[in-house]
Amino acid sequence: MLFNDYPFLLVFLPAALLIYRLADPHPHLRIGVQVALSLAFYAWGSPSFILLLIASIAINWLASIAYGRVKWPAVLTLVIVLDLAVLALFKYANFLLANLGLVLGTTLPALDIGLPLGISFFTFHHIMYLVDLKRGKAPLYALDRYALYIAFFPQAIAGPLARWSEVMHQFGRQVYVPGWQRQFCIATSFIALGLFEKVVIADSIAHLLDPIYAEAAHGPLPSGDAWLAFCFSFQILFDFSGYSDIAIGLGLLFGVQLPYNFNAPLRSTNIQDFWQRWHITLMLFLRDYVFYPLVNSRLLPRRFLPLQFFGAMLITMALCGLWHGASWTFVLWGVLHGLAQVVCSLWRRYGPRFPSWLGWALTVLFVLATGVIFRAGSVEAAWHVFSGLLSPLSLERGKHLWPLIAAPLAAFLLPASQDLVAIVTRRPNPWLAGALGIALFALLLHMGGRDLHEFVYFKF
Amino acid sequence: MNSSTSSSETDPAWGRSLLACLGALSGAALLVLALMVVVDPYDSGKLGLLGIDGVDNRLTQITAASRARNPAFNAAIFGNSTAQMIEPAELSRATNQRFVQLYMTGSSPREQLAVLDFFLRHHKDVGALVFAADPGWCVHARPKEEGAPFPYWLYDRSVVTYAVRLISWQAIEQAFQRISIGLGRRQRMNPDGFVSYEDIWPPGWFKETNGPRDPAPVASTNERAVFPEIAALDDVIRKLPADLAVVIIVPPTLASTVAKAGTDAALERSACDAALRKVVAGRPRSNFISYRVDNALTRDRANFADFIHYRAAIARRIEQGIAASLRDGEGAKIDF
């Protein structure tokens with residue numbers, strides 16, 4: 001079930017709101033009902049893996065309880081390794097088999113096991129909690145609260161990756177208290193904005209770019225098309241930012257403020273700034289659970305500390321690439337971003353100061369160029385796009401190019417979604433709210449006539 | 001939210017705002033729903049209080065519904081663009097039946113079966129059925145559906161499935177087009193559905209494109225005998241009255257694409273032909289005719305717009321063959 005699909009918007013969401021409205025006055029029912037709704041949501045989208053999700057919750061929770069009793073860190077280490085092994089099995093087994101086959105000079109059979117929806121996200125949620133439990137920072141929780149942390153439907157499939165400390169205390173709070181109408185107005189604004197980003201901007205760019213990338217996989221691109229393909233990063237920005245905004249809006253409808261995931265990243269003036277504004281929750285996860293441990297461990301002698309620091313930066317970004325997909329092009333994309341961060345870090349320390357406009361232009365160009373590698377699927381296909389840039393952009397498509405004009409303008413000029421929502425919900429305004437209702441209906445009409453596009457981040 | 005609010009979070013105006021938002025959303029939805037109920041934008045017969053006849057749309061996958069339920073016809077031609085040149089009016093003249101063209105550009109067998117089901121649901125007394133079976137019918141495993149999704153919701157029995165799909169700009173546009181037709185300001189499309197592609201591919205023009213998509217030969221005889229699309233058609237035809245006339249034709253292609261005798265491709269073709277022939281076997285005034293042969297007509301590029309789209313001269317011969325079959329059954333003399 002997709003957030004931009006009628007079954008979700010017209011059936012599941014109204015039903016879930018109604019059910020939760022009935023449960024809201026009863027404190028002992030609130031979390032249980034939200035867990036049930038979340039499992040129903042997951043089962044609707046990925047029925048074959050619902051048992052995996054339930055088992056994953058049960059095993060990780062039992063491990064946390066066992067650790068609480070016996071205080072053996074090995075219990076938590078073991079279950080984290082198990083989580084990573086399950087993730088590796090579903091997400092990376094075929095990649096490993098293919099590469100092993102290359103090394104052995106043979107073709108190993110591929111596993112036909114599918115990819116459970118949101119497995120990366122719920123695995124990372126487990127890890128965040130268990131590592132913090134091991135560090136003595138996290139308390140133990142009851143099963144229902146822990147289950148909701150992992151399965152809470154607005155965030156279960158593609159984030160935002162919320163820390164346990166950000167959301168656990170919010171679960172089970174009464175939603176319908178004085179002021180709930182304001183929260184719902186804010187939530188509706190987030191959902192409308194997210195749907196607009198996804199179905200109007202990102203999907204329109206996808207309609208233009210999908211055939212071009214399909215062509216690039218087979219050979220050089222006809223003149224001009226490569227310039228359109230070069231703009232893929234705008235598609236993924238509005239696709240994922242749109243998803244995150246819808247998730248945040250849905251969270252608010254159920255009384256939970258999820259963390260923000262984007263902060264106008266294409267207005268960044270250097271690549272380090274960019275990574276503090278793009279997929280913020282993933283980067284915070286990687287910083288705290290990969291980068292810091294790598295930097296703080298005594299791997300190299302003290303005089304090589306800068307080398308270890310930059311090495312950790314590269315490894316973290318390479319893993320970030322690999323997290324996006326089991327393919328060497330994703331690793332290459334991650335390594336390139338890691339290298340860019342190393343260069344940026346050194347430049348900021350030793351190089352002359354850039355005017356901010358030049359830093360911004362270089363950052364945007366770098367993000368767009370590496371976005372081609374991210375999307376192309378192979379270095380060869382990416383090369384077809386890059387070599388096509390020698391031909392000038394063709395304007396033959398005329399008005400159909402509007403998404404590639406509107407998207408950069410919005411990405412470069414507008415503030416982050418949360419700031420936009422803050423502006424429109426500063427004061428209650430029934431006229432504006434009425435217009436929002438009409439806009440929501442217009443978005444529903446827009447969705448009704450188009451093919452569904454999955455959110456890009458669902459496959460990660 | 002880090003906004004500095006000048007009004008209280010519990011200001012009753014927030015409640016009014018939420019109400020205004022939901023009210024506008026539901027009001028707009030009700031208005032559109034009312035328009036759809038009154039107009040039935042795709043002329044599906046499931047809704048519509050105004051009694052407007054016909055549609056104006058270039059998408060044959062959409063317009064087939066309006067034609068398929070038209071009570072003025074009792075016989076139909078099914079297929080994709082390889083059936084398009086068969087003129088229903090010519091067949092009607094020659095057979096005393098009232099034919100409608102239900103071809104859909106680029107359609108697959110399972111999509112044609114959905115329209116067949118819709119046609120049968122709307123006609124109690126069917127005179128004849130004609131199928132142009134292109135190589136899509138000869139696959140040994142149903143392929144995954146690709147390209148633009150087929151509007152199964154339009155041909156579905158359920159009003160709810162249909163109504164949900166009417167929440168779209170396209171449906172609103174269609175509704176206004178239908179109102180224009182109702183007011184006489186716009187012409188409906190030709191009710192019998194005939195549209196010649198020679199308007200865009202004029203005689204004398206040939207492009208080496210659209211090779212027939214024959215399935216790859218399979219290894220074993222057992223595999224070769226499995227035709228899931230034909231089996232699905234057979235299931236439908238078997239349930240129809242025993243005296244209903246059914247003609248299946250294999251549309252011609254340029255001779256250079258016809259399988260040479262003795263090749264695996266020829267074996268494949270004859271296995272598919274045999275399966276199609278079995279569907280109509282034993283029915284009165286029914287026949288199977290393969291026009292996919294190598295002869296003087298199919299060798300002449302002037303008779304084709306590309307490898308699979310034949311021109312009017314061949315279409316007339318096909319119409320004669322169908323008409324003769326509907327008269328004499330398997331004993332019909334086919335001049336091709």
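Colleague: What is the mean pLDDT of chain B?

Modeller: The model is predicted, and for chain B the mean pLDDT comes to 90, with 96% of the residues reaching 70 or more.

Colleague: Which elements of chain B have the lowest and the highest mean pLDDT?

Modeller: Among the elements of chain B, helix H8 (residues 221–224) has the lowest mean pLDDT, at 76, while strand S1 (residues 75–78) has the highest, at 97. Over residues 1–6 of chain B the pLDDT is below 50, and this stretch has 18 contacts in the model beyond near neighbours in sequence.

Colleague: And what ipTM does the predictor give the complex?

Modeller: The predictor gives the complex an ipTM of 0.83, together with a pTM of 0.82.

Colleague: Changing topic, how many salt bridges are there over all chains?

Modeller: The count comes to 25 salt bridges over all chains. One of them is in chain B, where the side chains of Arg69(B) and Asp43(B) meet with N to O at 2.6 Å.

Colleague: Where do Arg69(B) and Asp43(B) sit in the chain?

Modeller: Arg69(B) is in the loop between helix H2 (60–68) and S1 of chain B, whereas Asp43(B) is in the loop between helix H1 (12–39) and H2, so that the pair links distant parts of the chain, 26 residues apart.

Colleague: Is Asp43(B) buried or exposed?

Modeller: Asp43(B) is buried, with a relative accessible area of 3%, whereas Arg69(B) is partly exposed, with a value of 23%.

Colleague: What about Arg142(B) and Glu229(B)?

Modeller: Their side chains also meet in a salt bridge, with N to O at 2.9 Å. Arg142(B) lies in the loop between strand S3 (128–132) and helix H5 (152–155), and Glu229(B) lies in helix H9 (residues 228–238), so the pair ties together parts of chain B that are 87 residues apart in sequence. Glu229(B) is buried at 2% relative accessible area, while Arg142(B) counts as partly exposed at 39%.

Colleague: Which residue forms a salt bridge with Glu208(B)?

Modeller: That is Arg301(B), with the closest N and O atoms 2.7 Å apart. Arg301(B) lies in the loop between helix H11 (296–299) and helix H12 (312–328), and Glu208(B) in the loop between helix H7 (169–182) and H8, so the pair ties together parts of chain B that are 93 residues apart in sequence. Glu208(B) is exposed, with a relative accessible area of 55%, and Arg301(B) counts as partly exposed at 38%.

Colleague: Which residues do salt bridges that share partners join into one network?

Modeller: In chain A, such salt bridges join Arg163(A), Arg287(A) and Asp288(A).

Definitions and conventions
Residues numbered from 1 in each chain as written. Chains lettered and ligands numbered in written order. Predicted model: local features only at pLDDT ≥ 70, side-chain atom pairs only at ≥ 80, totals over all residues. Heavy atoms only, no water. pLDDT = per-residue confidence, 0-100. Helix = DSSP H or I, 4+ residues; strand = E, 2+ residues; numbered from the N terminus. Contact = heavy atoms within 4.5 Å. Salt bridge = Lys/Arg side-chain N within 4 Å of Asp/Glu carboxyl O. Buried < 20%, exposed > 50% of the residue type's maximum accessible area, 1.4 Å probe, protein only.
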